[in-house]
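Reader: I have a structure to study and some questions about it. Can we go through them in turn?

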Amino acid sequence: MRRSTLTGAATLAALVLTLTACAPGGGSATSSEAGSATASSAALSTDVAAAGDITLTVWDQNTDPGINDAQEALNTAFQEKYPNVKIERVSRSFADLKTTLGLALDAPDAPDVVQANQGYPDMGTFVEAGLLRPIGDYATLYGWDTAFPAQQLSLNSFSADGKTWQGDNLYGVSQTGEVVGVYYNKAKLAELGITKPVTIEDFGAALQTASAAGTLPLEFGNTEKSPGIHLFGIVQAATLGATGVNELVSGKSGAWTDAGTVEAADLLTQWTTAGYLPTGSSGISRDAARDNFAGGGSLFYVDGTWRLSQLGEAMGDNVGFLALAPAGSTDPVTTGGVGLAWAITGKTTKTDAAAAYIDFITNPAAAAVLLENGNLPAVVPADYTPAAGSLESDVISTWNTVNETNGLVPYLDYATPTFYDTITAAVQELVAGQYTPQQFADTLQADAAKFAESR
């Protein structure tokens, strides 16, 4: 299914060669970092060998097979290029990282490089506590400020006090792009005579058709709770629109009790009541749901593009991917953005090596390694052409489209430091029929209002 432009060995060789050619780029540092004592460009160096024999402790959440393979390959290549550097990797699931990273960053032996989740819960908290180093100076040195789209850099930025997300200090760069969307079984879609849905209305009609034919319309497992955010997020994106969700999550305007959010909750309730989702989804794990879809147990499955490798390998060319558009539109609007930001910690003394490592695992040569292992790079090389009709082609096409049409909306848990727990619990209650759509919306708004009062 997957097509790569380079073989594994050739990719690693190209990676090493490309690093040699990776000269510092142009551009300017973000304004508020220019005068920062911790971000002075005068002391920066790209000479990793000058650091002597060192160990870089790196925390990541690249635990899924495809991204884990890519990370292992990149770490190996980095150590081959710089034999004076040993990478000590600590890889944890997203949930484990969320619960342990803060303590690790505050410890005397804090890691040197970490993946930090964007938004107020993690990155904002860490910035406020001085646990992450601003990297605008290194962005200028390595050209990250021109290599990555401004929207991506904005997602990884905060004000220096950690109070304002998408502020003017850059704290990380991302390795991967992410889109949450709808995976579909191509054979089942054809058997049911359903045209690939474009809008949220099309999707609802397809669910109804599948159900009437005795096919489980939408696989869903929410034991870990995070799948619930994604399912609700793609529906809300289509009912509220890109501007509405962006304004709401960033706290600029709107309320979680506004019509678009209540409508999304109402749709999810209707689908649950109609039996479009499996009974007892709160007791079904995320992986079990994925496996059931991959095995032909349902027509649709909602998840992120980080499932590209696993579903591609399991289903071959029988799986497609799409993002839904609001009613009356053909431009998809959906949850997504970039993978967790690779950041330099506030306590490390190995900043030059840390920056070189981040550049190595996010540059164009690294993108080739990511693609080869079934991942979506944050910036897809312009000359890369996936196989026509493949899942990879669908994913890259969707990624490019939502970027070009400003159809990406942020993850909803970025909204407040407590929003992840609030919304994941609320979606479970909604799907279980314990919350009405209005009660669901009221719960989210109460969390947002409390945070707004505290700022």
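This is a predicted model: local features need pLDDT of at least 70, side-chain atom pairs count only at pLDDT 80 or more; totals for chains, interfaces and linings use all residues.

Author: Start with strand β1 (residues 54-60): two bridges join β1 to β3, and the two strands run parallel.

Reader: Which residue in β3 is the bridge partner of Val58?

Author: Look along β3, which covers residues 113-116. Val113 and Gln115 point one way from this strand, and Val114 and Ala116 point the other way. The bridge partner of Val58 is Val113.

Reader: Which residue in β12 is the bridge partner of Ala116?

Author: Strand β12 spans residues 341-344 and pairs with β3 over four bridges. The sense is antiparallel. Ala116 has as its partner Ala341.

Reader: Which element gives the largest share of the lining of the largest pocket?

Author: This pocket holds about 790 Å³ of space. Its lining has 36 residues, and Gln61, Phe94, Glu178, Arg286 and Trp306 are the closest to its centre. Elements that each supply at least two lining residues are α2, α3, β7 and α10. The largest share, four residues, comes from α3.

Reader: How many residues lining the second largest pocket are charged?

Author: This pocket holds about 240 Å³ of space. Its lining includes Lys196 and Asp394, and Lys and Asp both count as charged. The lining divides into six nonpolar residues, four polar and, as charged ones, two.

Technical notes:
Residues are numbered from 1 along each chain as its sequence is written. Side-chain values use heavy atoms; hydrogens and water are left out. Buried means under 20% relative accessible area, exposed over 50%, partly exposed in between (1.4 Å probe, protein chains only). Two strands pair if DSSP finds at least two bridges between them. On a 1 Å grid over the protein atoms alone, a cavity is a set of points where a 1.4 Å probe fits but cannot get out, and a pocket is an open set with protein on both sides within 12 Å along at least five of seven lines; lining residues have an atom within 4 Å of a point. Grid points are joined across faces, edges and corners, and a volume is the space filled by probe spheres set on the points.
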